[in-house]
Amino acid sequence: MYFLDKQLILGVSSIYTQKNEEADVINVCFSVCERGSGFRQLVPRRLVAHLRYGAGEAGRRIPLVEMSRPSSDLAEFRKVFAKAKHIAIITGAGVSAESGVPTFRGAGGYWRKWQAQDLATPEAFSRNPSRVWEFYHYRREVMLSKSPNAAHSAISECEARLSRQGRSVVVITQNIDELHRRAGSRHVLEIHGSLFKTRCVNCGHVAENYKSPICAALHGKGAPDPNTRDAKIAVEDLPRCEEDSCKGLLRPHVVWFGETLDPDILTQVEKELEICDLCLVVGTSSVVYPAAMFAPQVAARGVPVAEFNMETTPATMRFAFHFQGPCGTTLPPALERHETEVI
Ligand SMILES: [Zn+2]
C-alpha cells in the first residue's frame, strides 16, 4: 500500500483538499524517486477524510469537518498514555539534530560541495565509491563524539519500564545513527538502515561494523571542508567483504535515494501499526515522510496520534495531540512514570 516497490518516497510535496459528493478529501502528493532514473514525480494519494455528518438547517446534511487544532494538554495526553498497551513511536531527523548529528540536507547542510542527495545514491557509489565511502566514513566517525539526548533516553526508559508491565514500545525510525539503540531502546525498526552496518555488493551479506576507521585506507580521510581533495582510494582498498573468500566491495547498509525500503522491515512496521493503541510522532511532522506514510492510517483507525516537534501542524490534519518545542524537552515529562504504574 505504500507504492514502494519501485519508488522511494522523498517527502510530501503538497497537500490539498478537494470536494466531492460525500466529503472534503485530503489529498497528499508525495515526491518520489523512480529507481534508476532519479526522476521526481508526483503521486496523488487519497489519505483520510476526517469527517462526520450532522443535520443542518431544514434537515440538510452538512459536513462537520473537525478542523480543531490538536490538543496540547499534557494531562489529557497522560491519561491516554496510562491506558496504552502498545505504543508506536515514529522518530525522524529532529531527534538526532538535538544530539548535534548533521543531516547534510537543507540550507548549509554540505559535506564538501555536496549534500546527502548527491552522494547517497547508487549512481554516486558506482561512479565514485571512494568519495561515497569518505562521506560515510566521516559520518561514522562523527558519531563517536555524539550521544543520545533526553528524548532518546525518555523513549528507552519508557520501553524498559512498560515491558515489566506487559506493555510494549516500538521505535520506528528513519535515523541511521543508532542513537536509539545506544540509549538502550531494544525494539527498534530502522527503516533506512544503519551507518554501522555494511552490505556486500557481491554476496549481499549484511554485517554490523563498528570499526574506526572502517579500513586502513580511510584513516584520516573524509574531512568535510569544501577545499578537501578526494582521497581517490583504489577500490580494492575500500572496505571489503570478510565472508569466506568473497572479498566483494562493501557498501553502507542504508537506503539510498532511488532505492526501495526493505519489505521485511515494512511488514514489521505494518504489524506494529495495526496493534498500536497510541502513536507518537517525534522530531518530524506527521505530514512529512516517513510519518506521513504511517501516522494517518493509525489516526484513521481512531487511535490517538501525538506529535512532538518544532513545527506547528496544518489544522487539516486532525491528530489528537501536538506538543511544540525541542523533543528533548517535551518528551520526558510525557513519557515519565504515570501514577497508575505500580511496577
Ligand atoms: Zn561478500
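Me: What should I know before I start?

Reply: Residues are numbered from 1 along each chain as its sequence is written. The model is predicted, so local features need pLDDT of at least 70 and side-chain atom pairs count only at pLDDT 80 or more, while totals for chains, interfaces and linings use all residues.

Me: Which residues of H8 are buried?

Reply: A residue is buried if 20 or more other C-beta atoms, placed from the backbone, lie within 10 Å of its own, exposed if 12 or fewer, and partly exposed in between. An α-helix has 3.6 residues a turn, so residues three or four places apart point the same way. In H8 the buried ones are Val-269, Glu-272 and Leu-273. They cover an arc of only 95° around the axis (taken from the directions from the axis to the C-beta atoms), which puts them on the same side of H8. Exposed on the other side are Pro-263, Asp-264, Thr-267, Lys-271 and Ile-275.

Me: What covers the buried residues of H8?

Reply: The cover includes strands S6 (86–91), S7 (168–173) and S8 (188–190), along with helix H9 (291–300).

Me: How do S6 and S7 pair?

Reply: Strands pair if DSSP finds at least two bridges between them. S6 and S7 are parallel, over six bridges, with Thr-91 partnered by Thr-173 of S7. S7 and S8 also run parallel, joined by three bridges; Val-171 has Val-188 of S8 as its partner. Five of the six residues of S7 are buried.

Me: And how many residues does the largest nonpolar core have?

Reply: In soluble globular proteins, nonpolar side chains tend to be buried together. A nonpolar core is a set of buried Ala, Val, Leu, Ile, Met, Phe, Trp, Tyr and Cys residues joined through C-beta atoms within 7 Å. The largest here has 48 residues, and those with the most contacts inside it are Ile-89, Ile-90, Cys-279, Val-282 and Ala-295. Its largest share, seven residues, comes from H9.

Note on methods: Helices (H or I, at least four residues) and strands (E, at least two) are DSSP runs, numbered from the N terminus. Two residues are in contact if their C-beta atoms, placed from the backbone, lie within 7 Å.
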